[in-house]
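I opened this entry to keep track of what I looked up. My notes follow the order in which I checked things.

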Amino acid sequence: SSFLCGSNTAPLLQKVRQSEVRLFLEELAVLGQATLGGMQDFVFAISAGALILVYPLVVLVWILLDFRAASRGHEVAIKTHKDSVSKFQSMPCCRRRSTIKGVHDDKVWAPNPKPGRWPNGLLVSLRLHLTSAAAAFFAVVYGVIFGVVFVMRLFTYSMILSPWLAQLAYKYSYNSRIHHGVRYGPNSRNYLDIYLPENMPAPSGGQGGKVPVVIVAMGGAWTIGYRAWCCQIGLRCAEAGVLVVGLDYRNFPFAQVSDMVEDLENALDWVFANITSYGGDVSNMALIGQSAGAHLQAMLLMERAIAEARIRNEGKLAHGAENKTGADAGQQDKTTPGSLCTAQGDWSVKDFKVWVGVSGVYDLVDLDAIMHSRGILSWLPGLCGGGDATPPAQATTAAATRTALLARHSPRQLLKTAVWSSSIGDSAVALLPPAFIFHGTEDNSAPPAAAADFAEALKDRSVAAELDMRSGVSHSGPIVENPLRGGDLQADLVLSFLGGEARQRLAALPPPRPRAPALLVALAEYIMPL
């Protein structure tokens with residue numbers, strides 16, 4: 001070819017070789033992708049089939065263990081022990097020596113045939129101690145069985161959804177539109193993620209258009225909360241042109257409610273000070289929290305509203321009309337005694353368009369009683385130990401002190417306190433943003449009745465509150481199962497409050513495709529212990 005066409009054919013041949021190599025690599029990549037996809041589908045099908053076969057056995061074991069724990073549980077033993085003690089103490093002295101009722105009401109012990117060998121007093125003491133030991137033993141057994149069953153159900157739930165959750169984790173880790181781990185405060189876990197909208201330029205010192213902002217704090221029983229749980233709502237809202245900030249905060253037992261509220265307040269300080277450099281519009285922002293995140297956000301909004309109202313009444317806060325700068329605000333002493341937050345930063349709770357609480361916990365007193373009724377060792381007093389735990393004067397018993405401590409950290413109970421019935425409370429109510437409370441009737445973790453009562457209490461205090469009690473929705477349904485089914489529940493709840501444009505963009509998007517088979521999602525939702 002060089003002889004026929006001359007020496008200029010060398011570059012042409014090189015281009016031909018490059019195009020052939022490129023075509024070969026593209027075909028190889030397509031083949032590899034198809035192979036991996038087929039292997040992935042095969043592995044998913046095998047794992048799902050195995051879980052479906054194993055699940056009936058797991059359910060059977062769970063039912064048997066739960067039945068045994070309920071039939072011989074610590075509550076029955078303790079109640080029977082108390083009944084036997086009270087009946088014995090109420091007997092006349094002569095009858096105690098002759099007849100002793102045992103643990104079972106239909107069983108009567110005969111008088112001791114050999115009084116010198118086994119005195120009746122020793123026999124009664126021994127019997128009562130054995131009953132107490134049996135009650136303690138069954139309490140431990142019940143707790144162990146409950147814990148094992150809980151872990152088994154949670155593990156099975158995770159295994160069923162693990163293939164699709166792994167895909168979501170990959171998107172979260174390698175999506176170029178997510179800015180991971182932006183530090184907002186000095187404490188551990190003081191990081192946030194920023195989800196930039198589609199077709200939006202990267203941050204460039206405040207340049208670019210302004211887009212609505214959604215700030216998300218997910219739950220996790222105050223112990224396993226993490227900012228990555230915001231991934232599904234973050235990616236979906238970003239597709240609709242909304243900037244999303246996913247917050248992280250310290251968890252129990254390394255922090256308590258007061259520390260978590262402090263973290264969220266520091267995060268909001270950072271957002272108001274810096275989100276404009278990412279293209280966010282501070283005049284069009286919404287808060288959304290789920291489970292423990294909803295509880296902490298409600299605590300922050302209510303405590304900060306009280307703090308702002310006190311400072312306003314003292315003439316120390318100038319916000320809105322006077323429009324103080326951040327430097328002027330930083331020079332003022334904005335701490336409020338007895339509050340979980342400090343009202344630092346040049347922002348107000350009324351700056352938010354809406355607060356959305358999803359499957360939130362609004363009354364720790366009720367939750368503590370529910371945990372005890374289910375035989376669960378409650379860690380809630382330890383969770384609340386970092387706040388203002390001084391009990392009122394009427395709290396003269398340990399139970400009253402415990403209730404007062406939990407009520408101090410319950411948004412629903414705070415509305416009953418004297419400060420919310422005073423002029424300070426009236427000023428704080430005027431500052432609170434509109435509240436939209438979403439809850440499911442099938443929520444077994446956060447009591448639906450407490451959510452309904454909290455919404456009614458807010459309405460009674462003239463707060464613009466709306467309750468959406470959705471039938472058939474579980475605790476984790478809005479954030480896990482609904483998006484996996486191809487739903488838009490989370491984004492639809494919050495975007496309707498950020499102006500018609502964001503809602504219209506969401507409606508114009510193609511509906512999200514289901515990420516997991518509906519049957520397996522329903523099975524996982526049924527197994528989910530929370």
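**Trp355 and the cores**

I started at Trp355. Leaving out residues up to four places away in sequence, I find Trp355 touching Leu287, Ala294, Gln297, Ala298, Leu301, Tyr362, Pro433, Pro434, Ala435, Phe436, Ile437 and Phe454. I note that this is a predicted model.

Next I looked up the largest nonpolar core, which has 71 residues. Trp355 is among the members that touch the most others, along with Leu192, Ile215, Trp222, Leu243, Val245 and Trp420. Which helix gives the most to this core? I find helix α8, residues 292-313, with 11 residues. There is also a second, separate core of 47 residues. I list Cys230, Ile233, Leu235 and Leu523 as included there.

**Arg412**

I then turned to a charged residue. Arg412 sits in helix α13, residues 411-414. Is Arg412 buried or exposed? Arg412 counts as buried because its relative accessibility is 14%, and the cut-off for buried is under 20%. I checked its side chain for a polar partner and found the side chain of Asp453, at 2.9 Å. Beyond four places in sequence, Arg412 is in contact with Tyr362, Asp363, Asp366, Ala450, Asp453 and Phe454. Two of these names, Tyr362 and Phe454, I had already written down for Trp355.

I went through the loops. Phe252 and Pro253 are joined by a cis peptide bond, with omega about 10°. I place Pro253 in the loop between β6 (243-247) and α7 (257-274).

Which serines have a positive phi? I have Ser359, with phi near 50°, and Ser462, with phi about 70°. Neither one is a glycine. Ser359 lies in the loop between β8 (352-358) and α10 (364-373). Ser462 lies in the loop between α15 (448-460) and β10 (465-470). Ser359 is buried, with a relative accessible area of 0%. Ser462 counts as exposed, at 63% relative accessibility.

**Whole chain**

Last, the totals. I count 19 helices and 10 strands in the protein. Of its 530 residues, 45% count as buried. The accessible surface comes to about 26,400 Å², and carbon and sulfur atoms hold 61% of that surface. Among contacts with a separation of 6 or more, 75% join residues 24 or more positions apart.

Methods: Residues are numbered from 1 along each chain as its sequence is written. This is a predicted model: local features need pLDDT of at least 70, side-chain atom pairs count only at pLDDT 80 or more; totals for chains, interfaces and linings use all residues. Side-chain values use heavy atoms; hydrogens and water are left out. Helices (H or I, at least four residues) and strands (E, at least two) are DSSP runs, numbered from the N terminus. Buried means under 20% relative accessible area, exposed over 50%, partly exposed in between (1.4 Å probe, protein chains only). Contact means heavy atoms within 4.5 Å. Accessible areas come from the Shrake-Rupley method with a 1.4 Å probe; for residues, only the protein chains shown count as cover. A polar contact is a pair of N or O atoms within 3.5 Å; within protein, one must be able to donate a hydrogen and the other to accept it, and residues adjacent in sequence count only if both atoms are side-chain atoms. A nonpolar core is a set of buried Ala, Val, Leu, Ile, Met, Phe, Trp, Tyr and Cys residues joined through side-chain atoms within 4.5 Å.
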